[in-house]
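Please read them with the structure open beside the text.

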Amino acid sequence: MILDKETARKTAELLLQIKAIKLDAQQGFKWASGWNSPIYCDNRIILSYPPIRNFVREHMARQVEQLYGKADVIAGVATGAIGIGMLVAEYLSLPFAYVRPEAKSHGRKNQIEGKIEEGQTVVVIEDLISTGNSSLNAVKALQDAKLQIKGMLAIFSYGFDTAEQNFKDANIELHTLSNYEYLLEVALKTNYINQAESELLKSWRNDPANWKK
């Protein structure tokens, strides 16, 4: 869900500007999952651009407060959301922790890194939502540690129906700064893509697993 439309448009514009998001409706990109996709998103590059990093940090921090109120801890999902999650926590003067995909096999065998206590309230920060599985895996780890999840805020979502259902089933509230619809709107308006490419990009989400097969 989007809280602020203008923030959504501006975020999409900035992500395209720094090539954190790339669109190629003709050749596409190969995802790690094996899917062919007309979009590739790597929001970690935001950290290399201070003005844009600050924009994302401040808008995420404000939305955390607006949506979820005061939390005890900000938790980032490793690895993509560690940097931006820490910046949001710093802006809000809150403790920060991050969640690995799985517990380490050595040392203290932690899955959650940082000081946490049972009963604390947490807002989870993500960089990108695709199916939501990895994000919800982090949520489960926090819940298993007996923390209370107030909700999740991500930079960007592809807007897959399966992700919406996964979050609904997990009873976790999800908001994002921007999403695929706003991205296409901005890309078309700024001539990053043309109308034909826009239609092709829209059709991708109907059956992403079989696009360009």
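1. Strand β8 (residues 121–129) has eight of its nine residues buried, so it is largely enclosed by the rest of the structure. Buried here means under 20% relative accessible area, with exposed over 50% and partly exposed in between, for a 1.4 Å probe and protein chains only; strands (E, at least two residues) and helices (H or I, at least four) are DSSP runs, numbered from the N terminus.

2. The model is a predicted one, in which local features need pLDDT of at least 70 and side-chain atom pairs count only at pLDDT 80 or more, while totals for chains, interfaces and linings use all residues. Residues are numbered from 1 along each chain as its sequence is written, and side-chain values use heavy atoms, with hydrogens and water left out.

3. On one side, β8 pairs in the parallel sense with strand β5 (residues 73–77) over four bridges, and in this pairing Ile74 stands opposite Val123 of β8. β8 also pairs in the parallel sense with β9, over eight bridges, where Ile129 stands opposite Ser157 of β9. Two strands are taken to pair if DSSP finds at least two bridges between them.

4. Strand β9 (residues 148–157) runs parallel to β10 and is joined to β10 by five bridges; Ser157 has Asn179 of β10 as its bridge partner.

5. These strands belong to an open sheet of six, in the order β7-β6-β5-β8-β9-β10 and with mixed pairing. The edges are β7 (112–113) and β10 (174–179), each of which has a single partner strand, so one side of each is left without a neighbour in the sheet.

6. As to the whole protein chain, there are seven helices and ten strands, and buried residues account for 48% of the 213 residues. The radius of gyration, taken over C-alpha atoms, is 17 Å, which agrees with the value near 17 Å for a compact globule of 213 residues; the globule rule is 2.2 Å times the number of residues to the power 0.38. Along its principal axes the C-alpha trace spans about 50 × 35 × 30 Å.

7. Of the contacts (heavy atoms within 4.5 Å) between residues at least 6 apart in sequence, 66% join residues at least 24 apart.

8. The accessible surface of the protein chain, by the Shrake-Rupley method with a 1.4 Å probe, comes to about 10,800 Å², and 47% of that belongs to carbon and sulfur atoms.
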